[in-house]
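Opening the notebook on a new chain today. I'll jot down what I look up as I go.

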Amino acid sequence: MDVTRRGLLGGMLGTGAILAAPAVLRAEGAALRMMSGEELIAAARLGGDVGYVVADARTGLVLEARDGGKPMAPASTAKTITTLYALETLGPQFRFQTRVLATGPVSGGRVQGDLILAGGADPTLSTDGLADLVADLTRKGVTGVTGRFLVWGGALPYAEAIAADQPVHVGYNPSISGLILNYNRVHFEWKRAKGGYALAMDARSERYVPKVYTADVAAVARQAPLFDYRQSGGKEHWTVAASALGKAGARWLPVRLPDAYAGDVFQSLARARGIELPTPEPVKMLPGGAQVLASTASDPLPVILRSMLKYSTNIVAEAVGMTATTVRGANAARGASGAAMSDWLSGRLGGTRARFVDHSGLGGDDRIAPVEMVKAVTLLGPKVGLRGLMKPFNLRDEAGGKVKGQEIRVDAKTGTLNFVSTLTGYITAPDGTELTFAIFTGDLARRAQSRDAEQAQGSRGWVGRSKVLQSQLITRWATLYG
């Protein structure tokens, strides 16, 4: 049901008159202004659910809504809530730290005891970052250890994957740990060679490309599945269907044993610098009395969040959300941490029906109503500078192409899953009127049928039509309420 409404975000939505439109309208905006939301939705041919709310950004007055109170899957727009949650909890000056610890002094170039690579849940830690830590050890004269080389990722509770309903091989669904290297992904590269394929797995970054020993891959003669995965002996083993490889290519695969992976790469980098370390041993507890030998810090939290919102990096959302929950003293395990964020949001907005299982929106079980998302963006966003962290959004024309000479400024977060497409953020109309909005579309029945599909049949076209609808609604609102 499409209803034009005016009401305060803090209360019930009430009926009222449509605000007057400006006298001079661009042709496209005028055409869309004459169409109702229901007509635009019918033309999009989506099926499933479509809900939206648009409000005055200054007063919180709801200008128009359709199923605004219905909880729906937010997809990656959930990262908007995670951003608010993390900034309020951790603060804009927060930085993640990764440390190298020692249980004894350095004497004769050797650590008299154990050396520990201790993760601090930094989701942006790269191979280059590990190399900088190794270089710092070299400057301190370290050449080896008398004890063990330990690896600790206990800053966050471990989870094998972010979401259970994703294909096994997609790099955007890795494990979660307090030690995150290269977004917990390993680089897989292949080239056709005489008698088969030359395969390689490495932990490449801008300056270094170390070989990985804790993961391997083999090409096998089969049509399906594309990838198969198993673990044994503390290592990760992949097989890939040779028929799908072609001449050459590369992709990132998810890491499920992140502590072992980071220890493996650190050991290789240390060896290249003349530091001999024993086989890395992941541990659940940090040894007592260890002293810091070297450390590295991430960029400040807003820099990390701006990149997360731009590229929609799932592991970053999980790391910052779970870290915020840890600082709040609540259970930060996957699922429980999402629930803690749900409780926080309910407290900040005076009650909601929102339910988060994760912090990234990658799983299909998260739920939040459009009006709750708009309330968060409108009431909480300005306090932490949310709009400045969001990515400029290009409106789409009827053919799905970018609108040229766009007069409407939109800063927003997108969300996309198979048969789910969402958008939330801020609109500045040509006359300067500021609006906030959320548009949720989802056909969860069709999504359920495409479980474990990286790109479900028909989803690309469906999402494309949803994005056109989103642009049409935004153009209509900017014209009608500007």
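Predicted model: local features only at pLDDT ≥ 70, side-chain atom pairs only at ≥ 80, totals over all residues.

Where is the place of Asn184? I find Asn184 in the loop between strand E9 (149-152) and strand E10 (185-193).

**Entry: Asn184**

I looked up the backbone of Asn184 and got a phi near 55°, a positive value in a residue other than glycine. Worth a note, since most residues other than glycine have a negative phi. Is Asn184 buried or exposed? Asn184 has a relative accessible area of 0%, and the cut-off for buried is under 20%, so I put Asn184 down as buried. Then I listed its contacts, leaving aside neighbours within four places in sequence. Asn184 is in contact with Pro174, Ser175, Ser177 and Leu179, and also with Leu253, Pro254, Val255 and Pro258.

**Entry: Phe419**

Which loop holds Phe419? I find Phe419 between strand E19 (409-417) and strand E20 (420-428). Phe419 is not a glycine, yet I read a positive phi of about 60° for it. With a relative accessible area of 2%, Phe419 goes into my buried column.

**Entry: Thr422**

I moved along to Thr422, which is found in strand E20. Thr422 counts as buried, at 0% relative accessibility. What does the side chain of Thr422 reach at 2.7 Å? I traced it to the backbone oxygen of Pro74. Thr422 and Pro74 are 348 residues apart along the chain, but I get 6.2 Å between their C-alpha atoms. I also went through the contacts of Thr422, again skipping neighbours within four places in sequence. Pro74 is in that list, and so are Ala73, Ala75 and Thr77. I also wrote down Lys413, Thr414 and Gly415 for Thr422, then Ile439, Phe440, Thr441 and Gln470.

**Entry: Thr378**

Another threonine, this one in a helix: I find Thr378 in helix H9 (residues 370-384). Its side chain reaches the backbone oxygen of Val374 at 2.7 Å. I have Thr378 at a relative accessible area of 7%, so it is buried.

**Entry: the peptide bond at Pro225**

Which residues does the cis peptide bond join? I find it between Ala224 and Pro225, with omega about 0°. I flagged it because most peptide bonds are trans. Pro225 lies in the loop between strand E12 (215-220) and strand E13 (227-232).

**Entry: the chain as a whole**

I zoomed out last. I have twelve helices and 21 strands on my list. Along the principal axes, I get about 80 × 55 × 35 Å for the span of the C-alpha trace. How does the radius of gyration fit a compact globule of 482 residues? The rule puts such a globule near 23 Å and the chain has 25 Å, which I note as agreeing.

I looked up burial too: buried residues make up 53% of the 482. The accessible surface of the chain comes to about 19800 Å², and carbon and sulfur atoms hold 51% of that. For contacts between residues at least 6 apart in sequence, I have 69% joining residues at least 24 apart.

Notes:
Residues numbered from 1 in each chain as written. Heavy atoms only, no water. Helix = DSSP H or I, 4+ residues; strand = E, 2+ residues; numbered from the N terminus. Rg over C-alpha atoms; globule rule 2.2 N^0.38 Å. Buried < 20%, exposed > 50% of the residue type's maximum accessible area, 1.4 Å probe, protein only. Contact = heavy atoms within 4.5 Å. Areas by Shrake-Rupley, 256 points an atom, 1.4 Å probe, with all protein chains shown as cover. Polar contact = N/O pair within 3.5 Å; in protein donor to acceptor, adjacent residues only side chain to side chain.
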